[in-house]
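Please examine the sequence and the structure shown below.

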Amino acid sequence: MANVGIMGAGSWGTALALLLHKNGHQVTVWSISEDEVKMLSEKREHVNKLPGVKLPKDMIFTTDMEEAVKGKDFIVLAVPSPFTRSTARNMSPYVAKGQIIVDVAKGIEESTLMTLSQQIEEEIPNAQVAVLSGPSHAEEVGRGLPTIVVIGARKKEIAEYLQEMFMNEVFRVYISPDMKGMELGGSLKNVIALAAGIADGLGYGDNTKAALITRGIAEIARLGVKMGGAVESFTGLTGIGDLIVTCASVHSRNRKAGYLIGQGRTMQEAMDEVQMVVEGVYSAKAAVKLGQKYGVSLPIIDKVSEVLFEGKDPREAVNELMLRDGRPEHQALHWQE
C-alpha cells in the first residue's frame, strides 16, 4: 500500500483519488478552498463536479499543503494548468529529494512555452516528475468505466512503479519514455476540441468533425515531432485517442466552450457558462507561438486563436480554412514517374 497525496480536488483529482483508494492506497486530497474541503469531508461527494460518486470515510481532505505532500510515496498534481507552476512552487519546501510527482493536467505556459512537467522540474528540481495522459474523462473514471491511459517518465522504473500503483481491472495503464510527445498531444488537442465544438455550435455535421479531428492530429504531430516528440505518441492514446474523446464527448469542457462560441457567445461568456477551466483557451496562444518558433503550419489552431482573441467570425474562419490553396494530403507521398 502506498501513501498518496492528491493536489487538487476538482473532478479529475477526486476521480483519481477514488481510483487509488480502491487500489488499496491511503489517500490525502488537498484543496486551496476551505469550502470545498468542508463539502467533501461532510458530504463525501463532490456535489458540483462529480455528483453521485461517493467517497470513502477514510479518505482525508485538507487545506494544509504540508500534510498532503510531506512523507507521501508519490504525489498526484491535479490542479488546472494555469496554476501548475504556482502550486509546484508552494509545494517545493515539503518535497523530499527523489519524491515522485505525477502531473495529470494538460497545458503549455504561454510566457515560457514550457510543458507542465518542465514547469514542475524548474520549480522542484529535486523531484522525479512523471505524467499521466490519455482519453480519460473524470466523470467516467469516477464511475469505474473501463479506461486506458499512458504514464510517461524519464526512468523506466518510475513508470513501472506508477503503472502498478494505478492499474486495475477498469483502469489499464501503458508506459512511455516520451513525456514531451505525450504532453504536447494532451495540451494541443484541447485547441482542436474547441474547433470541433465551434463546428457543432454552427450546426455543421459529422463530415466536418471527422475532418477537424484528422487534420487536427496532423497539425499536432507536425509540431510535436519537430519539437522532439515521437510520432507514436501522436498516433496512440495520448494523441489521436485523447483528441477523439475530447472532440466528441459531452463531458468535454473544451468542446462545450467551443459549442457556445459557435452559437454566438464570446470566449469569456463561454468560459463563464462552462464554470470550469477551459484548458484549450490557455494553450491556444502558446500553440500559435510554438508554430511560429518551429516554422510549422498550424491552420486550424491559428483560426481558433483568431476566433478566441481577435473576434473573428467562426463561419468566416471555417470558410478561410476551406478555401486554402489545394495541396497533397501527405507531403511524404510521391507520384510515380
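Strand E7 (residues 147-153) is mostly covered, since six of its seven residues are buried; buried means under 20% relative accessible area, exposed over 50%, and partly exposed in between (1.4 Å probe, protein chains only). The model is predicted, with local features needing pLDDT of at least 70 and side-chain atom pairs pLDDT 80 or more, while totals for chains, interfaces and linings use all residues. Residues are numbered from 1 along each chain as its sequence is written, and side-chain values use heavy atoms, without hydrogens and water.

**Strand E7 and its partners**
- Strands are DSSP runs (E, at least two residues) and helices are DSSP runs (H or I, at least four), numbered from the N terminus.
- Strand E6 (residues 128-133) runs antiparallel to E7 and is joined to it by four bridges; two strands pair if DSSP finds at least two bridges between them.
- Val 131 has Gly 152 of E7 as its bridge partner.
- Strand E8 (residues 171-176) pairs with E7 in the parallel sense over six bridges.
- Gly 152 has Ser 176 of E8 as its bridge partner.

**Strands E4 and E5**
- In a regular strand the side chains alternate between the two faces of the sheet.
- Strand E5 (residues 100-103) is covered on both faces, with Ile 100 and Val 102 buried on one side and Ile 101 and Asp 103 buried on the other.
- Strand E4 (residues 74-77) runs parallel to E5, and four bridges join them.
- Phe 74 has Ile 100 of E5 as its bridge partner.

**Arg 324**
- Arg 324 lies in the segment after helix H16 (314-322).
- Arg 324 is partly exposed, with a relative accessible area of 33%.
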